[in-house]
Amino acid sequence: MAIDKETIKHVAHLARIDLQPNELDKLSANLQDILGFIDKLSSLDVEKVSPTSHILPISNVLREDEPRTSLTPEKALENAPSKKGSFFSVPKVIE
Amino acid sequence: MIYETVIGLEVHLQLNTKTKAFCGCSTDFGKPPNSNVCPVCLGFPGSLPVYNRQALNSAIKLALAFNCRIQEHTKFDRKNYFYPDLPKNYQISQYDLPLSRNGYLDIFTNGSPKRIGITRIHLEEDAGKLIHEDAVSLVDFNRTGIPLMEIVSEPDLSHPQEAFDYLTNLKNIIEYLDISDCDMEKGSLRCDANISLRPAGVKELGVKTELKNMNSFKGVKDALTFEVERQTKILEAKETMVQETRLWDVEQGITVTMRTKEGAKDYRYFPDPDLTVFVIGKELIEPVKATLPELPYDKMQRLMKTYALTEYDAKILVASKKDAEFAEVCMQEYPGKDKKEIANWLIGPLMAEANLRKEQLHTLKLDRKELINLIGFVQRQEISHLSAKTVLTQMLDTGKSAQALIKEGNLEQISNTDALAQVIETVINENAKSVGDFKAGKVNALMYLVGQVMKKSSGKANPKVVGDLIKQRLS
């Protein structure tokens with residue numbers, strides 16, 4: 001898979017990372033190498049292996065529907081970069 | 001050209017569990033902002049989600065009620081996107097292995113049954129609530145992580161009214177299952193719609209519009225009705241339909257384009273490594289199956305069969321599970337053979353009283369035996385139907401027995417011909433025109449004259465006897 005600049009820009013945008021023009025070339029090459037390395041896996045024959053979505057052999061882990069104490073609004077907002085009353089405050093977004 | 005409408009609906013349903021999907025925070029509505037939150041639902045690093053057993057049971061219940069195939073293997077995936085109401089920057093949802101697929105819902109629409117396919121029902125979690133101010137947006141994460149179900153229908157609906165009926169039926173079933181409040185105003189039930197048109201007889205689907213922002217079933221119907229017109233105009237003018245998301249503007253009664261950044265939708269789903277897979281076997285399904293109540297559609301058909309009710313009557317009764325149960329006990333206890341006699345009272349006068357009092361049939365303070373007694377008086381022609389309705393109102397107001405109220409109000413019906421003859425004479429003298437009309441063959445004139453006699457006798461005259469007497473007198 002060829003990683004061009006547009007792909008890098010798209011991925012950077014999805015991750016909300018601001019890249020400088022000179023970083024685009026460098027990262028294109030890096031990502032190309034990484035994907036090439038991972039691509040080695042496709043040489044394996046996995047015909048008889050079922051897909052794994054979880055690495056531990058456990059399933060059906062559930063909890064009972066019993067309320068537990070929540071944080072207080074003060075505690076919850078302690079690390080908030082910006083707050084108003086007991087709300088988190090963010091730059092205005094309307095989609 | 002004739003166009004065919006194709007509609008599919010996506011319903012999001014909040015489950016009424018006590019706690020959130022992946023943590024023990026309460027789901028109580030209307031709590032102070034950010035008071036039902038913890039490290040898990042706030043997405044703090046190192047916190048681990050664990051799914052709610054009750055939510056899974058409710059989900060299985062829903063899937064069974066919608067005749068879905070429950071998948072043996074199911075898992076949670078992360079749907080990645082940035083938005084301030086989503087603290088983890090991903091929503092836990094299900095992608096390629098949803099809980100269930102391939103179900104259906106039988107609905108009554110336009111007087112006949114129709115089967116609507118259910119593509120899938122899957123588990124996910126709700127996002128937080130945003131309040132927009134002039135310069136900033138405020139975030140309340142109390143709703144974040146409340147368990148949601150997404151119910152996706154096949155594009156089997158072919159009219160806005162059908163979509164409305166589908167939603168009414170869906171809500172009815174969910175109320176029977178008792179797994180959600182189904183309150184659109186509180187946001188516990190939300191609905192988006194996909195709609196496209198195609199020339200009648202053509203197989204391929206047309207370009208679709210996704211509709212959002214409807215906050216009532218009527219809103220869904222109105223938005224769809226508007227879209228049918230809008231899309232018809234575009235197609236008739238041979239213009240090109242654009243696939244887009246449109247928002248319903250309830251004030252103006254129109255849909256408007258929702259501008260989105262191009263290519264923004266790239267959710268990069270992948271299995272959530274924090275949550276284990278689920279194997280849904282018999283041991284999870286069977287106990288839930290055992291708790292499934294009789295569902296509205298089945299109840300309706302059984303009531304029609306067992307008590308010889310019409311489809312219309314049965315449909316009214318099953319609209320509320322508890323009312324249907326109340327009505328059924330009434331019909332069982334009613335000694336008469338024709339259960340329609342008491343059913344008419346339940347659906348007619350009693351339902352009207354309940355609406356007036358902002359109650360339901362089963363919440364009215366009414367002894368079933370007294371209702372049956374009252375109907376007995378009418379059946380034996382001891383009081384008129386009209387008087388009985390008054391007595392019913394008084395029974396609900398005072399809690400007194402039918403017999404006592406009939407006595408108090410001196411309401412025994414007058415069937416005695418001598419007693420009625422005098423009143424009839426007066427009415428005939430006072431209404432020469434109607435008498436003439438009747439003699440000229442107008443049946444309605446007789447109804448009018450009987451009405452006048454009823455009025456003069458304060459509703460106590462037996463209308464059938466009065467009718468016969470007037471006919472005799474004027475023949």
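Modeller: Before anything else, a term: buried area is the accessible area, taken with a 1.4 Å probe, that two parts lose on being put together, summed over both.

Colleague: And how much do chain B and chain A bury between them?

Modeller: Chain B and chain A bury about 3,800 Å² between them, with 59% of that on carbon and sulfur atoms. This is a predicted model, in which local features need pLDDT of at least 70 and side-chain atom pairs count only at pLDDT 80 or more, while totals for chains, interfaces and linings use all residues. Side-chain values use heavy atoms, with hydrogens and water left out, residues are numbered from 1 along each chain as its sequence is written, and chains are lettered from A in the order in which they are written.

Colleague: How many residues does the contact take from each chain?

Modeller: The contact, meaning heavy atoms within 4.5 Å, takes 53 residues from chain B and 33 residues from chain A.

Colleague: What salt bridges are there between the two chains?

Modeller: Taking a salt bridge as a side-chain nitrogen of Lys or Arg within 4 Å of a carboxyl oxygen of Asp or Glu, the count between chain B and chain A is two. One pairs the side chains of Arg53(B) and Glu64(A), at 2.7 Å from N to O.

Colleague: What about Glu162(B), which side chain does it meet?

Modeller: The side chain of Glu162(B) meets that of Lys114(B) in a salt bridge of 2.6 Å, N to O. Glu162(B) lies in helix H2 of chain B and Lys114(B) in strand E8 (residues 112-125) of chain B, so the pair ties together parts that are 48 residues apart in sequence. Helices (H or I, at least four residues) and strands (E, at least two) are DSSP runs, numbered from the N terminus.

Colleague: Changing topic, how do H7(B) and H8(B) cross?

Modeller: The axes of helix H7 (residues 321-333) and helix H8 (residues 340-356), both of chain B, come within 9 Å and cross at roughly 140°, where axes are lines fitted to C-alpha atoms over the stretch in contact and angles run from 0 to 180 degrees between N-to-C directions. That makes H7(B) oblique to H8(B), since angles under 35 degrees count as roughly parallel, over 145 as roughly antiparallel, 65 to 115 as roughly perpendicular and the rest as oblique.

Colleague: Which residues of H7(B) and H8(B) meet there?

Modeller: Phe326(B), Ala327(B), Cys330(B) and Met331(B) in H7(B) meet Ile342(B), Ala343(B), Leu346(B) and Leu350(B) in H8(B).
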